[in-house]
Amino acid sequence: MKIDKNTINKIARLSRIKLDGKESEDYIKDLNSILDWVEQLNEVNTENVEPLSNISSSILPKREDVSNDTNSSEEILENAPDKLEGFFAVPKVVE
Amino acid sequence: MPKSSLKQTLKDLETKKISIRELNQDYLKRIKENENLNVFIHFSEENVLKQIDNLENNNSEKKLKGIPIAIKDLFCTKNMPTTAASKILENFHPTYESFVTQKLLDEGSIFVGKTNLDEFAMGSATNTSFFGNTINPLSKENEPLAPGGSSGGSAAAVAADLCLGATGTDTGGSIRQPASFCGVVGIKPTYGLCSRWGIAAFASSLDQAGIFSHNVEDASILLKSIAGFDQRDSTSAKVDIPNYFENLDDDLNGKTVGIPKEYSIDGTPMEISQIWEDAIKVLEKKGVKIKNISLPHTKYALPTYYIIAPAEASSNLARYDGVKYGFRSEEIDSLDEMYENTRAQGFGREVKRRILIGTYVLSAGYYDAYYLKAQKVRKLIADDFNKAFKECDFIVTPTAPSAAFPLNEKQNDPIKMYLNDVFTVPASLAGLPGISIPFGKDKNNLPLGIQILGKHFDEQQVFNAAVSLERSYE
């Protein structure tokens, strides 16, 4: 079994998703069955094969390095759950 | 009453046989009559009427002026909220317009509403949406069927004739599979043909926008409208977009079709093997040379996809943290608590499952064994296609391994659900264009789909083969 209780807690923590006990149990089961299933990729010989990360054949286009001030902070803040004086507001970090 | 095509409607509008208002009121009426299907996450009659008013006061000529289009609720739209079918984006009002929807607006189309989908496009049945299931319009009473997914709302909107076309996105089959389940046409173009700008990201190396329509001609008109280069998407391609519709040519004489032997898989229902054979026979009669080809790494496509897509999703969905937009949990004693509770309460089960698996395969110590390995197998899968296309002009396969299944089937076993994409995922990994067209029915009279795949940016060949098969079937 690749995923145990410690591993699922670690991944959940890295993902910033709080899991309750029942959920952890379910995900341990799901993730193990998915990881067992993808294991079949080990049958494939990939020696000297380049990993494919970008399917697009085009070379990344360059643009001119000019600043572009859209002055859109108000627009950007429009959807914020909490804001204060032109900033996103979050719970206090420093006591 | 037969459904009117986009092509015919454009003529009727031009000759003033029907007005923009009359046309759209007809669609509004049907939308309201079909509310039980739960096709739309957002629908506002007032909004549609406002769009009609604006167009009536606009004298400029536009290619799609007044045409009712449904938009998958993954595309950011300024005049309607955008949720990605997730609680975490409930009440999100984009302040900008996606590239694809802007193109459709520029051409004068009317957005009738935002369609339902699997949460963040993760699913194959439109049953992971925070806003409930969409029901396949072809369901019999008391036997609700899934419309497929993730773009199930858009496929259902076209099938129920609630619009003349709809946008979708396809990451591993999310346009082609629901098109097959709902008996409509769905095309996923080449990766890079349509800008991804303003589409809520799922797996960026795979996501691609596309079109649902009543027939192939309509799809060829609409795809031209949403394609094009955009510097805000670094993978958007600088290619000329042909006039697919004017160039449509159903004469396939002398072409070669590839039939991949690896797509004959155990457990595929007879009826599906049968329509595949029927399609091949039709092509043969049209003077198409049949070439048996091999795509040897096909069986590894699904496991490859289910490493790459969740890995990219776990990274893309990190942005939903309760700070900048969308839902924020009430339980926020500290910043970390806020993140963890917001994401725990804001995401549904399938999305969390994929974030967790994606985080695992990218985590220290496992990256090479999973993610890097999958990228290498992806290369082999893409190479298989490149080799095959040296010997053929297009490839024909079934679209999905089944017809539409009952709404609540396959919910508990993720791998069983993932197998829906067995015929669509390989082309997604290779970035190839693919279309699904209705072709035959199963014993319950439900539609089945045939998939046609083409070379990169050879959408024209895909459309030509599709229109040829469609015309022979009608």
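**Figure 1. Confidence of chain B in the predicted model.** This is a predicted model. The pLDDT of chain B averages 96. At least 70 is the score of 99% of the residues of chain B. For the model, ipTM is 0.95 and pTM is 0.97.

**Figure 2. The side of chain B that touches chain A.** Contact with chain A involves 55 residues of chain B, which meet 39 residues of chain A. Five helices of chain B each supply at least two residues to this side: α10 (301-316), α11 (335-346), α12 (349-362), α13 (368-388) and α14 (414-418). The largest share comes from α13(B), with 10 residues. By class, this side of chain B holds 26 nonpolar, 17 polar and 12 charged residues.

**Figure 3. Two domains of chain B.** Domain 1 of chain B covers 6-252 + 397-473. Domain 2 of chain B covers 299-373. Taken over C-alpha atoms, the centres of the two domains of chain B are 26 Å apart.

**Figure 4. Contact between domain 1 and domain 2 of chain B.** Domain 1 of chain B brings 27 residues to the contact, and domain 2 of chain B brings 22 residues. On the domain 1 side, the elements that give two or more residues are α14 and α15 (425-430) of chain B. The largest share of that side is three residues, from α15(B). The side of domain 1 of chain B that touches domain 2 of chain B divides into 16 nonpolar, seven polar and four charged residues.

**Figure 5. D321(B) in its loop.** D321(B) sits in the loop between α10 and α11 of chain B. D321(B) is buried, because 20 other C-beta atoms lie within 10 Å, and 20 or more is the cut-off for a buried residue. Further along the chain, I332(B) is 11 residues apart from D321(B), and their C-alpha atoms are separated by 12 Å.

**Figure 6. Contacts of D321(B).** Leaving aside residues up to four places away in sequence, D321(B) touches Y339(B) and T342(B).

Technical notes
Residues are numbered from 1 along each chain as its sequence is written. Chains are lettered from A and ligands numbered from 1 in the order in which they are written. This is a predicted model: local features need pLDDT of at least 70, side-chain atom pairs count only at pLDDT 80 or more; totals for chains, interfaces and linings use all residues. Two residues are in contact if their C-beta atoms, placed from the backbone, lie within 7 Å. Helices (H or I, at least four residues) and strands (E, at least two) are DSSP runs, numbered from the N terminus. Ala, Val, Leu, Ile, Met, Phe, Trp, Tyr, Cys and Pro count as nonpolar, Asp, Glu, Lys and Arg as charged, and the others, Gly among them, as polar. pLDDT is the predictor's confidence in each residue, from 0 to 100. Domain bounds come from an automatic or database domain assignment. A residue is buried if 20 or more other C-beta atoms lie within 10 Å of its own, exposed if 12 or fewer, and partly exposed in between; C-beta atoms are placed from the backbone.
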